Amino acid sequence: MAFRRRSTSGSKPQLKEKVVQIYESFFKGEDVSKDNDNFWDEFFLLKPKISYIETEMEKLSIEQLIMLQDNIRLLFIKCISAFECQHQLRIIFSLKTLTCLISSLYKKFRINPTFEFVSILVIPKDTDMIFENLLGKCNMMLREPECVVVKDLCLQFLLTIVTGTDNLNENPVLRHLMSNSVFEPLTEVLSNSIYQTYHGYDSILLLTLLMNVETAKKTNPYVVKLSLLDKEDTLNGYSQIIRWSLEEICQQYRSEEIAQYSNNTWFNTFTSVVSNMLFVPDTIEEHNIELPQEIRSMSGILIALYEAVHYNRNFMTTLTHCHTSNSYESHPSVMQQTQSVINNPDLKPPSDNQFSNLLVTFFQYCSIVMQDTKTEANANNSMLCFVILSSITDDQFANSLMHDVNLQFKVDLYRSPTRRYMFVPDKSPKPLAAALLDLMIEFMLGHMMKKLPLDQYMKCISIIHRIICYQKRNSVRLCYNWKDLWSSLITLLKFLMTYEHQLSQDMNIYDLGIQIVNIFNLFITYGDMLLPSPSSYDELYYEIIRMHTVFDNIYVLSSRNSSTISEHKLSATKLSNCLINIRAIINHYIPKIDNWLEKNSVTTPVGEEILEVVRNNYDTLTLKLLLDCLGSFESNKSNHDLSSSSLIKLMVSKVVKDTRQSLKHSNTDLQQILQNFSLYTNPS
């Protein structure tokens, strides 16, 4: 063993590790395996010095890398060859070395996109053959009952390749992953109850990113295979992993909420947020509700859920699938990893007893992430939640599950304690459609602010519209306190009317008004087919009459803007026309109520007296059949797909960067892997 140098204290010389001596020769361009037939077998038994490789690669210029390409190609090929050996430590060390090498070359490529780094790794004419061989070996490592560490490092290697460039479509290696699919071994990981725990998150993340690669044939093979996937255990595994991830966020949020409340700091800090959220404040100062970093960084899991809901109809069956056991908790390596946090409830593995299924957990997660829409990252996550909910409510089978009275769940929606509105949802078990309506009402009442998140409001109202349309088409009478919904919609209309001048300068609030009014038109026209009782229909009319000034003012506002030249003239005209039946009800009943009050000498009538007037005067009321209010959202499906696609592309780019940042190869403690090696092998 050679001496490096003497220490400054003059005590003892620092010794070079054998692997470092080899690296030094390697980066000098020397033939490191000369005169030693067993060199590579011995080399891959040496623990790699990842930080040294990264540092040396970073020092090299592109010209120097080209001069060194023979050695780099040899190392690349030998790493792949090592995957065939039976000694798992050799496989582990070769995977770490290869991942570090690829990562370092990608870093050069991101700085200089003209750098053809693939030709540094492989002789150009052999590229397809070698990558086919490499990905074939990765398939085997993911599929065969190898030790857990090998699978984990293999997934890290593949994620390093996929996240090598900020834009997936500019990654020159991904074409090989399109032609040499790893879909099947990844889905087999999802089907295995043990491997789900170790590798489920990375497997789903990898699948998600690969599904967002654009191909020359415009048909992504991973999207096609996901759309055809019908294996129940795989779909349940996919659902389970997403649920675990969302559940961890809910648990963390709950624990932080309790801690901050007990310290009397977090809630007091944001008491001034109320005026900003519910009313347009005079001040221009903005306050953001800070959510935990993990909540903001859940984009990958949300995109995975979107892909499954959007492309695979069979996935809908897993939304309400109850998972009753966590078989991974008894595995020895899991027990080893959880010993240090066993007394910390915030860090314990997710408990299946806490949440019933994916949809329940997703609703609860939505109630957290939708609280803050002011920052771009939070707004994107919140918007994607709305897109997912739109896809779910668009599906006939998913709607049938959510309206099934035999599937009732308790859904604890999180809400900021600084909210002043009076809506308090019923927390007893109920069909999931009722919980979703509660979630939409929470959002409606909680985001009436000067920077109105219009796109999210449009999605929110369209989701409510879809639910009601399903009920009308299938004659479903959901047992729900519809008055909460009507009151919330009127409150939103009042807000739009009050601050029309400020809001209309930045957005078209009339389209939102049309959606709101059309929900009332649905109830007016088809209420007898979907409301739970005749008294509910009476209450609808009562609410419209009680709040008639809001509708009157909205009509005046829309009529005024429809008669002037403005960019929102067409929308204002449509809103004015949508109000025809509501105005007919108001104009019909207000005089009759006034006459009744005068006749009975009543100045302050009670609600039951007004309801009696309503019941006694239905026969003389004339309404028009407004067919446009049923399913009108379908005409906007192409725009919906286009906007969703843009959102997904934006978020995928962020997921790529976040994932690359999390793959800290140099910080992996290989010594700990060696110490616990026996615990990670051959799970059964």
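Predicted model: local features only at pLDDT ≥ 70, side-chain atom pairs only at ≥ 80, totals over all residues.
Biologist: What is the mean pLDDT of the protein?

Modeller: The mean is 83, and 81% of the residues reach 70 or more. Over residues 265–289, though, the pLDDT is below 50, and this stretch has 62 contacts in the model beyond near neighbours in sequence. A contact means heavy atoms within 4.5 Å. Residues 324–355 also stay under 50, with 61 contacts beyond four places in sequence.

Biologist: How many helices and strands does the protein have?

Modeller: There are 34 helices and four strands. Take H9 (residues 148–162) as a worked case. The expected span of a helix is 1.5 Å times one less than its number of residues. For the 15 residues of H9 that gives 21 Å, and the end C-alpha atoms are 21 Å apart, which agrees.

Biologist: How many residues of H9 are buried?

Modeller: Buried means under 20% relative accessible area, exposed means over 50%, and partly exposed is in between (1.4 Å probe, protein chains only). In H9, 14 of the 15 residues are buried, so the rest of the structure largely encloses this helix. Across the protein's 684 residues, 55% count as buried.

Biologist: And how many salt bridges does a search of the whole structure find?

Modeller: Here's the idea: side chains of opposite charge can pair when their charged atoms come close. The rule asks for a side-chain nitrogen of Lys or Arg within 4 Å of a carboxyl oxygen of Asp or Glu. The search finds 20 of them. One of them joins Arg243 to Glu247, with the closest N and O atoms 3.0 Å apart. Both sit in helix H14 (residues 232–262), four residues apart, or about one turn of the helix, and both are buried.

Biologist: Which residue forms a salt bridge with Arg415?

Modeller: That's Glu442, the closest N and O atoms being 3.4 Å apart. This pair links distant parts of the chain, 27 residues apart: Arg415 is in the loop between strand S3 (408–409) and strand S4 (430–431), while Glu442 is in helix H23 (residues 432–446). At 23% relative accessible area Arg415 is partly exposed, whereas Glu442, at 7%, counts as buried. Then look at Asp438 and Lys430, whose side chains meet in a salt bridge at 2.4 Å, N to O. Asp438 is buried at 3%, and Lys430 is buried at 10%. Elsewhere, salt bridges that share partners join Asp538, Glu608, Glu612 and Arg615 into one network.

Biologist: How many disulfides does the count come to?

Modeller: A disulfide is a pair of cysteine sulfur atoms within 2.5 Å, and by this rule the count is zero. Cys154 has its closest cysteine sulfur in Cys138, 3.9 Å away, which is too far for a bond. For Cys100 the closest is in Cys79, at 10.0 Å, again too far. Cys154 is buried, with 0% relative accessible area, and Cys100 is buried with 0% too.

Biologist: Where is Ala572 found, and is Ala572 buried or exposed?

Modeller: Ala572 is in helix H30 (residues 569–578), and at 0% relative accessibility it counts as buried. Its C-alpha atom is 8.9 Å from that of Gly513, 59 residues apart along the chain. Beyond neighbours within four places in sequence, Ala572 is in contact with Tyr510, Ser558, Asn561 and Ser562.

Biologist: Where does Asn508 lie?

Modeller: Look in the loop between helix H26 (500–503) and helix H27 (509–530). Asn508 is buried, with a relative accessible area of 18%. Asn508 and Ser571 are 63 residues apart in sequence, but 8.0 Å apart in space, C-alpha to C-alpha. Leaving aside neighbours within four places, Asn508 is in contact with Leu454, His568 and Ser571.

Terms used: Residues numbered from 1 in each chain as written. Heavy atoms only, no water. Helix = DSSP H or I, 4+ residues; strand = E, 2+ residues; numbered from the N terminus. pLDDT = per-residue confidence, 0-100.
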